[in-house]
Amino acid sequence: MNLTKNTLSSVAVGLIIAFLGAYLIGFTFAFTMPSGIVNFMWAWDILVVQFLGFGLLAIVSSYSVAYLTKHNFLFSVIATFIIAQISLFLMAANNLNLYWPNILTVLVCLNIGWFVACKKYV
């Protein structure tokens, strides 16, 4: 029963991150980048576009899954990350291009959410 609950919660949260994050990132792409940081477009993409679109959602989601699964790293971070990335891969029409800013932002933010949940509920 516990394994089923953990698996279903990580699958549900992974799908929520993928679909809701893809929706939210449409709004963050609309933010205008200041012209003075054109050379640092990668930083704008990671810190503003990806973090506001996927990162905050991943932190809250990982925190909630960590609480539900009793701080299980496998389900709170790894399974959720894999489900989210597979869903994004399928939404992108099986495009084999890996978008590293998204992958790094989601993975780091899932770890942050899990770490905060572990520190708060220990």
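In which helix is Gln-85 found? Gln-85 is found in helix 3, which spans residues 73-91, where helices are DSSP runs (H or I) of at least four residues, numbered from the N terminus. The model is predicted, so that local features need pLDDT of at least 70 and side-chain atom pairs pLDDT 80 or more, while totals for chains, interfaces and linings use all residues. Residues are numbered from 1 along each chain as its sequence is written, and side-chain values use heavy atoms, with hydrogens and water left out.

View 1. Gln-85 is buried, its relative accessible area being 18% (buried means under 20%, exposed over 50%, partly exposed in between, with a 1.4 Å probe and protein chains only). Leaving aside residues up to four places away in sequence, Gln-85 touches Asn-102, Ile-103 and Val-106, contact meaning heavy atoms within 4.5 Å.

**View 2. Helix 1 against helix 3.** The axes of helix 1 (residues 2-28) and helix 3, which are lines fitted to C-alpha atoms over the stretch in contact, with angles running from 0 to 180 degrees between N-to-C directions, come within 8 Å and cross at roughly 45 degrees. The residues that make this contact include Leu-3 and Phe-19 of helix 1 and Phe-75 and Met-91 of helix 3.

**View 3. Helix 2 against helix 4.** The axes of helix 2 (residues 41-68) and helix 4 (residues 100-120) come within 7 Å, and they cross at roughly 35 degrees. Among the residues in contact are Phe-51 and Tyr-63 of helix 2, together with Val-106 and Trp-114 of helix 4.

Definitions and conventions
Helix = DSSP H or I, 4+ residues; strand = E, 2+ residues; numbered from the N terminus.
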